[in-house]
Amino acid sequence: MGRSSPFKVEALKGKVALITGGASGIGFEIATQFGLHGAAVALMGRRSHVLQAAVEALRSQGIQAIGLEGDVRRQADAARVLEATVKRFRKLDILINGAAGNFLASPEDLSPNGFRTVIDIDTVGTYTMCHESLKYLKAGGLGKAPSEGGLILNISATLHYTAAWYQINVSAAKAAVDSITRGLALEWGTDYDIRVNGIAPGPIAATPGMRKLAPEEMKSRIRDDIPLFKLGDKWDIAMAAIYMASDAGKYINGATLIVDGGLWLSHPRIIPKEEVKQLSRLVETKSRKDPVGMPPKSKL
Ligand code: COA
């Protein structure tokens, strides 16, 4: 049994969400939690057996769910999947762009095509899904009242806030995703009552991303660098997504919420805390007694 939710079970009642990459990892946890909070969910993914297993697992919990095969890199797939979602559930309120590609490679070993492949999935795929979903998501879109707006939630990362080893393609892709989030929040918030936000997860336990990017023996090293000294759970990301998608987030637009335990801020502590206390007092006392290099008071 997972951890119980602090949100009301009807927080997303009546909402319809399409989640790309929704059949596994973080996407699947978002689908599960959205379903448990009253939403109907459509999952988009490339592997039919994975989709099938995910849909069965959701339905066994009483969640309305469908799985639709498709690749976000193909515009025709995007259009078909969106159409099928609306045909089944009569409208679309929320699009979550969770589909992503990733692998570790140093730039000298990463061909332009390897760079492009991740940009195509993460960035162009996100844009394509947004573009194709506009007619459904907008206020008064197919099956919706003129006052019913929509939400796009882009799953991003924190790699590009500074720089990340061996992930130059993903860093570039997610930087562009954040830019799409802000650009669409501005334009589609204004014109169509669509809020556009993001979530930037840090290292999240038991995800395909962690399995690919952080072998078991690296996990304790990563933990040591996180101010909270623990990896995140998929649940943490799903709760952030419910916050953004429920009424609680109705005034949030253009924001990417970082859910990483503070990891992106982390630097090694170069002086122990006790040493700082003593050293700092010493320096201050000394400089009051002997203000070397300080200009005379009259000139201050
Ligand atoms: N190191 C270096 N280059 C790599 C690579 C690696 N580990 N994996 C793929 N590439 C390069 C390929 O060599 C190829 O470039 P080339 O034509 O110049 O040789 C290019 O990337 C495309 O590879 P291909 O295998 O055809 O791509 P794909 O579309 O089948 O797969 C991936 C896309 C590579 C991103 C694949 O890992 C994927 O689809 N992953 C989805 C799931 C995932 O990554 N989840 C984690 C999310 S955080």
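**Group meeting: a predicted chain, overall and in parts**

The protein chain has 9 helices and 7 strands. Keep in mind that this is a predicted model.

Some overall figures to begin. Along the principal axes, the C-alpha atoms of the protein chain fill a box of roughly 80 × 45 × 40 Å. Of the 300 residues in the protein chain, 45% are buried. If we take the contacts with a separation of 6 or more, residues 24 or more positions apart account for 73% of them.

Now to helix α2, residues 48–59. Helix α2 has 12 residues, and from its first C-alpha to its last it reaches 16 Å, close to the 16 Å expected at 1.5 Å a residue. Which residues of α2 are buried? They are Val50, Leu51, Ala54, Val55 and Leu58. Looking down the axis of α2, the buried residues fall within an arc of 130 degrees, so they line one face of the helix. What do they pack against? The buried residues of α2 pack against α1 (25–36), β2 (40–45) and β3 (65–69). On the other side of α2 we have His49, Gln52 and Glu56, which are exposed.

Next, the loop between β5 (150–155) and α5 (168–192), where Ser156 is found. Thr158 has its place in the loop between β5 and α5 as well. Are these residues buried or exposed? Ser156 has a relative accessible area of 6%, and it counts as buried because the cut-off is under 20%. Thr158, at 13% relative accessibility, also counts as buried.

As for their contacts, I leave out residues up to four places away in sequence. On that basis Ser156 touches Lys174, Asp178, Ile199, Ala200, Pro201 and Thr256. Thr158 touches Ala200, Pro201, Ile258, Asp260 and Trp264.

Last, the surface. A nonpolar patch of about 580 Å² is made by Ile270, Ile271, Val276, Leu279, Leu282 and Val283. Where does Ile270 lie? Ile270 is in the loop between β7 (256–259) and α9 (273–289). With a relative accessible area of 78%, Ile270 is exposed, because the cut-off for that is over 50%.

To recap: α2 has its buried residues on one face, Ser156 is buried in its loop, and Ile270 is an exposed member of the nonpolar patch.

How values were computed. Residues numbered from 1 in each chain as written. Predicted model: local features only at pLDDT ≥ 70, side-chain atom pairs only at ≥ 80, totals over all residues. Heavy atoms only, no water. Helix = DSSP H or I, 4+ residues; strand = E, 2+ residues; numbered from the N terminus. Expected span 1.5 Å × (residues − 1). Buried < 20%, exposed > 50% of the residue type's maximum accessible area, 1.4 Å probe, protein only. Arc of directions from axis to C-beta. Contact = heavy atoms within 4.5 Å. Patch = residues over 30% accessible without salt bridge, like charges linked within 9 Å, V, L, I, M, F, W, Y side chains within 5 Å. Areas by Shrake-Rupley, 256 points an atom, 1.4 Å probe, with all protein chains shown as cover. Salt bridge = Lys/Arg side-chain N within 4 Å of Asp/Glu carboxyl O.
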